[in-house]
Amino acid sequence: MTMLFDKIEDARSLAQIVVETVREPLLVLDNTLTILVASNSFHKIFQIDPKDTPNRPLFTLDKGGWDIPALHTLLERSLVDQTVVEGFLVEQEFPRIGARKFLLHARKVLGTDDGHALILLGFEDITERRAIEHEKALLQLRTDDLLVQKEVLLAEMQHRIVNSLQIIASILLLKARAVSSEETRQHLQDAHRRVMSVAAVQQHLHSSGRADAIDIAPYLSKLCESLAGSMIGESRPAKLTVTADEAHVVSANAISLGLIVTELVINALKYAFPDPGKDASVKVDYEVNGTDWKLSVSDNGIGRGTDSAPPAKGGLGTSLVKALAHQLDAQVETVSGPGGMRVCVTHATFLSRMAV
Amino acid sequence: MKGLWHLKRRSKVIVNMCQAADPRTILVVEDELFIRMSAIATLKDAGFWTLEAHNSAQALEILSRHPEVSIMMTDVRMPGKMDGFALVARVLIDYPAIRSIIVSSNATAAQASNAGAFGFVPKPYLPDTIIQAAHDTAVRH
């Protein structure tokens with residue numbers, strides 16, 4: 001019998017040691033909700049003197065500061081319904097530690113020697129976690145708001161750029177109508193085509209939903225369609241075709257490539273086919289090999305060196321092509337013969353130079 | 001150009017007599033002066049008779065006085081209470097015979113169609129593009 005009492009006492013001591021050492025605040029209450037044992041963490045977190053807890057009714061603790069209605073509800077539910085209560089949220093201004101948020105976990109456990117129940121009451125401090133979650137939610141809202149603002153600004157910028165280009169193009173066309181010199185009119189119309197070439201990049205950036213890169217094949221096709229629309233007709237019949245590898249080009253480079261194509265196609269259509277009845281053909285080709293690329297514009301016209309061709313020293317168009325190619329770190333090479341002319345703009349490294 | 005002016009003046013006289021819509025009379029609504037001027041010049045050269053407005057309110061005022069208008073070509077973003085979409089929707093109710101073409105840099109063809117427009121031309125556009133759009137609309141009128 002004595003051994004049995006010793007074993008019970010040992011078990012009780014062990015239970016008390018376990019309760020006292022757990023990291024989360026923990027109370028053991030009897031069925032009158034009087035504190036039997038409190039964990040060290042409970043004393044530490046709630047800043048309560050360990051001498052004040054044993055045999056003290058929970059709701060009188062800290063001069064009644066623990067007389068919390070929500071706590072009454074939880075413990076009564078635990079005692080009466082014999083249920084396990086998990087994650088019962090209590091937001092309370094505690095006497096010593098101020099406003100805190102706790103999740104309470106209560107469980108009715110084995111009876112005491114006289115058959116009465118015990119309640120284990122655990123506290124999970126979620127004050128900081130909730131504060132962080134709240135801050136995170138606010139940050140997410142702010143980020144979403146900034147993203148919307150960015151989209152709006154981008155759309156606004158896009159609209160203004162395109163509208164400005166349309167205004168410039170309109171002024172050039174109005175001026176082209178007003179001048180009496182045919183040569184000046186041609187220059188103004190060429191300038192209009194250059195503006196539209198830059199505008200085509202903007203249109204593609206807008207339609208692709210990207211602000212940094214352009215899918216080069218549809219861009220060149222659309223650009224040449226636009227050039228053909230303004231330059232090829234009954235008085236100047238010709239076929240303009242585009243072949244291009246699948247590649248993305250940063251928008252700044254796309255503008256330069258577009259302007260080069262514009263200049264070379266204008267030159268070809270203007271000077272390569274003095275005989276309108278000829279089966280004229282201009283081909284634009286863009287090839288990619290790793291980081292290298294080659295843009296070529298070729299025609300089956302009369303080639304350079306005839307009366308209708310641009311001067312050998314090069315006009316504005318030729319200078320522009322050279323300057324734009326330099327900007328792209330590319331080389332320009334022109335091959336001309338009786339079968340036509342071919343201008344290649346090649347960007348190649350020393351390691352993998354492409355054949356021109 | 002001179003010939004077109006004569007045609008236009010003669011057309012107006014006929015309109016006043018019989019109040020009929022003319023399939024080649026276009027109202028261009030655009031707040032940017034140079035874009036509007038260029039569009040008007042382009043359409044006139046292509047044989048259309050044109051009227052112009054710089055915002056939606058002025059467009060509605062012109063439409064109330066010019067029953068000969070059969071096509072309206074309008075920008076979307078313009079000063080005033082009514083944008084191009086709202087203008088197209090209003091014209092569809094008040095003047096169901098008029099067909100609208102939306103010209104815009106920031107709208108889509110789907111948005112234009114939802115507003116009740118017959119055609120859509122994205123900016124920036126070539127002169128031939130608006131001529132073609134106007135021609136297609138006139139032919140189907």
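**Close-up views of a two-chain model**

**View 1. The interface of chain A and chain B.** About 1,900 Å² is buried between chain A and chain B, with 59% of it on carbon and sulfur atoms. On the chain A side, A:His159, A:Gln166 and A:Arg177 lose the most area to chain B. Together these three account for 28% of what that side buries. The model is predicted. In terms of contacts, 18 residues of chain A meet 18 residues of chain B.

View 2. The rule finds 2 salt bridges between chain A and chain B. In one salt bridge, the side chain of A:Glu156 meets that of B:Arg77, at 2.6 Å from N to O.

Which helices of chain A each supply at least two residues of the side that touches chain B? They are helix H5 (127-178), H6 and H7. H5(A) provides the largest share, 11 residues. Sorted by class, the side of chain A that touches chain B has 7 nonpolar, 9 polar and 2 charged residues.

**View 3. The largest nonpolar core.** This core has 42 residues. A:Tyr219, A:Tyr286 and A:Leu295 have the most contacts inside it. Several elements of chain A give two or more residues to this core. The helices are H6 (182-208), H7 (216-231), H8 (251-271) and H9 (316-327). The strands are E9 (281-289), E10 (292-299) and E12 (340-347). H8(A) gives the most, with 10 residues.

View 4. Neighbours within four places in sequence are left aside here. A second, separate core has 27 residues, including A:Leu27, A:Leu58, A:Leu75 and A:Leu104.

View 5. Is A:Asp299 buried or exposed? A:Asp299 has a relative accessible area of 11%, under the 20% cut-off, so this residue is buried. A polar atom of its side chain lies 2.8 Å from the backbone nitrogen of A:Gly301. A:Asp299 belongs to strand E10 of chain A. Not counting residues up to four places away in sequence, A:Asp299 touches A:Ala268, A:Ala272, A:Phe273, A:Ser281 and A:Val282, among others. A:Gly339, A:Gly340 and A:Met341 are also touched by A:Asp299.

**View 6. A:Thr34 in a loop of chain A.** The loop holding A:Thr34 runs between strand E1 (26-30) and strand E2 (35-38). A:Thr34 is buried, with a relative accessible area of 12%. The side chains of A:Thr34 and A:Thr32 are joined by a polar contact of 2.9 Å. Leaving aside neighbours within four places in sequence, the contacts of A:Thr34 are A:Val28, A:Leu29, A:Asn55, A:Arg56, A:Pro57 and A:Leu58.

**View 7. B:Ala138 in helix H6 of chain B.** This helix covers residues 127-140. B:Ala138 has a relative accessible area of 10% and is buried. Which residues is B:Ala138 in contact with, leaving aside its neighbours within four places in sequence? They are B:Pro23, B:Phe48 and B:Ile71. B:Asp22 is 116 residues apart from B:Ala138 along the chain, yet their C-alpha atoms are separated by 9.1 Å.

Technical notes
Residues numbered from 1 in each chain as written. Chains lettered and ligands numbered in written order. Predicted model: local features only at pLDDT ≥ 70, side-chain atom pairs only at ≥ 80, totals over all residues. Heavy atoms only, no water. Core = buried A, V, L, I, M, F, W, Y, C linked by side-chain atoms within 4.5 Å. Buried < 20%, exposed > 50% of the residue type's maximum accessible area, 1.4 Å probe, protein only. Helix = DSSP H or I, 4+ residues; strand = E, 2+ residues; numbered from the N terminus. Contact = heavy atoms within 4.5 Å. Buried area = accessible area lost by both parts, 1.4 Å probe. Salt bridge = Lys/Arg side-chain N within 4 Å of Asp/Glu carboxyl O. Nonpolar A, V, L, I, M, F, W, Y, C, P; charged D, E, K, R; others polar. Polar contact = N/O pair within 3.5 Å; in protein donor to acceptor, adjacent residues only side chain to side chain.
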